[in-house]
Amino acid sequence: MAEQKSLPGRGLHTRRPAPRPPRSPSDIYVNTKTDFRAQLARCRQLLGAGGLREVRVHGLGLAIGRAINLALQLQLSHPGTLLLSPSTSTVELTDDLEPEGGEDMEPGARNRNNSAIHIRVYRPQGE
Amino acid sequence: MENFRRVQVVDEDDGQPLPFKNLHPDVVKMRVKEGSKIRNLVGYAVTHMLSEENGQIVFSAYGRGVTKAVTCVEILKRKIGGLHQVTKVQYKIVQEVWEQKGPKVQHPAPRLNVQKNYPSINILLSKEPLDPQEEGYQPPQSMALKETGKRFPLSHSEHCAPKKKTEESEGCY
């Protein structure tokens with residue numbers, strides 16, 4: 001997902017993909033490009049009959065709204081049986097900078113932060 | 001919809017209590033919107049939290065404002081350590097009235113009522129300890145762990161999500 005973007009005076013600027021911690025089948029990383037209904041269908045299948053007790057929905061930056069929407073839609077499709085437990089965090093992202101002005105300049109890197117949300121969608125104990 | 005324009009937005013949830021238990025009576029509610037400036041929001045919140053003994057603050061946002069609300073909370077948590085957090089998500093119902101416009105419209109103009117469900121977020125930050133059993137509770141983070149590997153001290157522009165206008169087209173809105 002590395003994107004190239006040119007900012008005036010700063011040379012080329014490549015975004016490294018976001019770090020992804022090791023994922024289990026119950027971790028869903030929401031992005032803004034995948035079809036929303038496909039993501040929803042996948043989660044429904046995971047939580048469906050005989051499936052998992054818990055999925056964790058992660059959304060970064062612009063995908064936070066989508067992640068919330070996904071979790072709420074899941075809750076609506078299993079009325080009364082699912083609980084949501086959201087938490088927020090900061091994710092550090094790295095950009096690679098390629099300076100214009102020839103070979104002699106060192107390529108640099110810059111760090112920036114972005115916000116993320118993690119929503120635990122689970123069935124309460126004793127069901 | 002090209003020939004319609006939005007004339008009225010009714011917020012159904014306005015005036016309803018916030019979805020948190022045992023709130024302080026003088027809790028501050030920050031309504032974060034898409035165009036709100038992070039420095040204004042965080043600046044006010046920091047002053048409030050530093051001046052109050054048992055300060056509590058709620059950031060609430062819906063639609064495209066949710067990212068900004070989360071960002072504000074993350075900045076505030078780092079500026080003021082030891083904050084307990086409870087996060088709640090829900091749908092927010094907004095009624096909109098659209099009116100037909102254009103040169104050949106009879107009087108009164110035909111109106112459309114539209115109900116929209118926006119995903120919304122409410123985040124409570126408190127200096128006092130909160131119930132750890134509540135859904136969405138997050139204990140205070142240890143600062144030393146979070147600050148390692150940072151090249152710069154906190155600045156707002158760094159934390160902002162990249163400015164990118166994307167129209168979300170989701171069938172479930």
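Mentor: Helices (H or I, at least four residues) and strands (E, at least two) are DSSP runs, numbered from the N terminus. This is a predicted model, in which local features need pLDDT of at least 70 and side-chain atom pairs count only at pLDDT 80 or more, whereas totals for chains, interfaces and linings use all residues. Residues are numbered from 1 along each chain as its sequence is written, chains are lettered from A and ligands numbered from 1 in the order in which they are written, and side-chain values use heavy atoms, with hydrogens and water left out.

Trainee: In what order do the elements of chain B run from the N terminus on?

Mentor: Chain B has four helices and six strands. Read from the N terminus on, these elements of chain B follow the order β-β-α-β-α-β-β-β-α-α.

Trainee: What percentage of the contacts in chain B between residues at least 6 apart in sequence join residues at least 24 apart?

Mentor: A contact here means heavy atoms within 4.5 Å. Among the contacts in chain B between residues at least 6 apart in sequence, the share that joins residues at least 24 apart is 82%.

Trainee: How many of the 17 residues of strand S4 of chain B are buried?

Mentor: Buried means under 20% relative accessible area, exposed means over 50%, and partly exposed lies in between (1.4 Å probe, protein chains only). By that criterion, buried residues make up 39% of the 173 residues in chain B. Strand S4(B), residues 84-100, is mostly covered, and the number of its 17 residues that are buried is 13.

Trainee: How many bridges join S4(B) to strand S5 of chain B?

Mentor: Two strands are taken to pair if DSSP finds at least two bridges between them. S4(B) pairs in the antiparallel sense with strand S1 (residues 4-11) of chain B over seven bridges, and also with strand S6 (residues 137-138) of chain B, again antiparallel, over two bridges. Between S4(B) and S5(B), residues 111-126, the strands run antiparallel and the number of bridges is 16.

Trainee: Which residue in S6(B) is the bridge partner of Val86(B)?

Mentor: Individual positions show the pairing of S4(B): Val9(B) stands opposite Glu96(B), and Trp98(B) stands opposite Leu112(B) in S5(B). For Val86(B), the bridge partner in S6(B) is Tyr137(B).

Trainee: Why does Lys88(B) count as buried?

Mentor: Lys88(B) lies in strand S4 of chain B, and its contacts, leaving aside neighbours within four places in sequence, include Pro86(A), Phe20(B) and Ile121(B). The side chain of Lys88(B) reaches the backbone oxygen of Glu135(B) at 3.4 Å. Lys88(B) counts as buried because its relative accessibility is 17%.

Trainee: How many residues apart in sequence are the parts that Arg5(B) and Glu99(B) tie together?

Mentor: A salt bridge is a side-chain nitrogen of Lys or Arg within 4 Å of a carboxyl oxygen of Asp or Glu, and the structure holds twelve of them over all chains. Arg5(B) forms one with Glu99(B), the closest N and O atoms being 3.7 Å apart. Because Arg5(B) lies in strand S1 and Glu99(B) in strand S4 of chain B, the pair ties together parts whose separation in sequence is 94 residues.

Trainee: By about how many helical turns are Lys77(B) and Glu74(B) separated?

Mentor: The side chains of Lys77(B) and Glu74(B) meet in a salt bridge at 3.2 Å, N to O. Lys77(B) is buried at 10% relative accessible area, and Glu74(B) is buried at 1%. An α-helix has 3.6 residues a turn, so residues three or four places apart point the same way. Since Lys77(B) and Glu74(B) are three residues apart in helix H2 (residues 66-79) of chain B, the separation is about one helical turn.

Trainee: How many of the 14 residues of H2(B) are buried?

Mentor: Among the buried residues of H2(B) are Val66(B), Cys72(B), Leu76(B) and Arg78(B). H2(B) is mostly covered, and of its 14 residues the number buried is twelve.

Notes:
Polar contact = N/O pair within 3.5 Å; in protein donor to acceptor, adjacent residues only side chain to side chain.
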